[in-house]
Amino acid sequence: MHRTASLCTAAGAVVAALLTSPASPPAHAAGDDDRGRRSEEVLRTLVPSPDGPGCAAAVGKRGNVAWQDGRGKADLATGRPITSRTVFDMASNSKQFTADAVLLLAGRHRLALDDPLSAFLDDPPAWTRKVTLGDLMRHTSGIPDYQDLLEAKGIGVTDPAGQKEAIAAILAAQPEEPPGKRFSYSNSNYVLLAHVVEKVTGRPFPSFVKEEFFDPLHLNMTLAPATDVPGKAMSYDDNDGAFTPNSSPWKQYGDGSVHTTPAELVRWADNYRTGRIGGPHLLTGITQGAVSVGDVLRPRGIDEGRYGAGILLLPDRTLVHRGDWEGFHSTFIVSPDRGTAVTVVCNVDPPDHFRAANQLLDIWTT
C-alpha cells in the first residue's frame, strides 16, 4: 500500500492556506490521565534521537485533535525541528480523496462505478472498454504501475515527468491480467481516476478536491506535487546513518501529493463518521464492493483486509492506509467505531511507523 514513485501544481493561494492554520493545541491534551505521556513514549521510541530526521503524530477524537507531537529534524541543513505545524507529503494516504471524489460524483449521478474507463477517454484503447471505474478504485484493473512504465522508457524519478506522460504510458501499455481477477496495487489506477474527475467536471483535479473537501471542512491541506509547500519537511534516505535529501520532479497526482500535518488528517478522518461531505452514499461507498488483498500486504504488517475506496478495511472494521514517497512514510488509521483516528508520518524510513500508529490507537481507545 504505497506510492513508490508517483506524485498540476495547486494555485499559490492554496499553498498559502497552510500559513494561516489556527494555533495548534498543546502536545499534551490528555486531561488528567497519562495518555499524553504514553503517547510521547511511543514517539520517543520511534525516534530515539532528536538530532536526525524524525516523525510527527496526531490523535483525533470525533474530529478534535486530542494529542499531537513531533520529534526530530524537519531540515538537517537549518536544524529546523519537526513540530505539530510541520507539513509532510502524505503520499498514498492521498488516494482516499481521489476515491471519495469519484464517490461524490457517483452520488450526484455524474458517473457510475460500473462505467468503463473508455467512456472518459478521447481515443480509448480497446482494453479500456473492459476496465471499470470500480476496477480502478479497488486496484483490480490489472494495469501496470506507471512508474515501471516510465522507467522502461528511460524516464527515471529524477527526470521531469507529469500527468500527461504518465497517462500516455499507461494507455500505450496492456493490462497484465484480466480486469476484476484479483487485487494488484498500482498507482496508475488513481492517476486515471483523477483524469476521470477532470473529464466529468471540467475542473482541475486539485481545485476540485480543494473546493469539495478541503474548504468545506476547513482543512489546511493542499494538493501540489513536486512543490515546495511552506512549512514542509525535507525528506531523507538513510544510508547507514548518513542522511541524503530525497526529492523528485515528477508531477503526477490522484495517487498522492496531498500535503498537510498529521493533525489535519485526523480531523479529516471524522468525515468517515459523520458523512458531512458525501453523506450516506459516500459512507457506504468507501467499503461497498471492497476486494480481498490476500496476503499481498503481509510484509507491510497487514495480514488480512479488503480494499475499498482508497482505504483498506480490516476484519474488525478498522480503516487503514499507508504511504511512501520521496522518503516520506505515513500511516493513517481510523478505529472500528470511527471515533478515533491516528496519523504518523516521518521524513525518513523509521523502524516501524505502522506499529507506532497501532500503539497510539490502543492508547486512545482503551
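Axes here are lines fitted to C-alpha atoms, for helices over the stretch in contact, and the angles between their N-to-C directions run from 0 to 180 degrees. The model is a predicted one.

**Helix packing**

Two packed helices are described by the angle between their axes and the distance between the axes. The axes of α7 and helix α8 (residues 205–214) come within 9 Å and cross at roughly 80 degrees. Angles of 65 to 115 degrees count as roughly perpendicular, so α7 is roughly perpendicular to α8. On the α7 side, the contact is made by Ala-194, Val-197, Glu-198 and Thr-201, and on the α8 side by Phe-205, Pro-206 and Phe-208. Sorted by class, the residues of this contact of α7 with α8 are five nonpolar, one polar and one charged.

Helix α7 (residues 188–201) also meets helix α6 (residues 163–172), where the two axes come within 10 Å and cross at roughly 115 degrees. That makes α6 roughly perpendicular to α7. The crossing of α6 and α7 is left-handed. Helix α6 brings Gln-163, Ala-166, Ile-167 and Ile-170 to the contact, and α7 brings Ser-188, Val-191, Leu-192, Ala-194 and His-195. The contact of α6 with α7 has six nonpolar and three polar residues, and no charged ones.

Helix α8 packs in turn against helix α3 (residues 95–107), at an angle of about 75 degrees and with the axes 11 Å apart. Helices α3 and α8 are therefore roughly perpendicular to each other. From α3 come Phe-97, Thr-98, Asp-100, Ala-101, Leu-104 and Leu-105, while α8 gives Phe-205, Phe-208, Val-209, Glu-212, Phe-213 and Phe-214. This contact of α3 with α8 holds nine nonpolar, one polar and two charged residues.

The angles and axis distances are set out below.

| Helix pair | Angle | Axes |
|---|---|---|
| α6 and α7 | roughly 115 degrees | within 10 Å |
| α7 and α8 | roughly 80 degrees | within 9 Å |
| α3 and α8 | about 75 degrees | 11 Å apart |

**Empty space**

Rolling a probe the size of a water molecule over the atoms shows where empty space is left. How much space lies in the largest cavity? The volume of the largest cavity is about 30 Å³. Its lining includes Gly-60, Lys-61, Arg-62, Gly-63, Asp-270 and Arg-338. Strands β1 (55–61) and β15 (340–346) are the elements that give two or more residues to this lining. By class, the lining of the largest cavity divides into four nonpolar, four polar and four charged residues.

The second largest pocket has a volume of about 260 Å³. It is lined by 15 residues, of which Asp-228, Lys-232, Ala-233, Met-234 and Ser-247 are the closest to its centre. The lining of the second largest pocket has five nonpolar, five polar and five charged residues.

Terms used. Residues numbered from 1 in each chain as written. Predicted model: local features only at pLDDT ≥ 70, side-chain atom pairs only at ≥ 80, totals over all residues. Heavy atoms only, no water. Helix = DSSP H or I, 4+ residues; strand = E, 2+ residues; numbered from the N terminus. Parallel < 35°, antiparallel > 145°, perpendicular 65-115°, else oblique. Left-handed = near helix turned anticlockwise from the far one by under 90°. Contact = heavy atoms within 4.5 Å. Nonpolar A, V, L, I, M, F, W, Y, C, P; charged D, E, K, R; others polar. 1 Å grid on protein atoms, 1.4 Å probe; cavity = no way out; pocket = protein on both sides within 12 Å on 5 of 7 lines; lining within 4 Å. Points joined across faces, edges and corners; volume = space filled by probe spheres on them.
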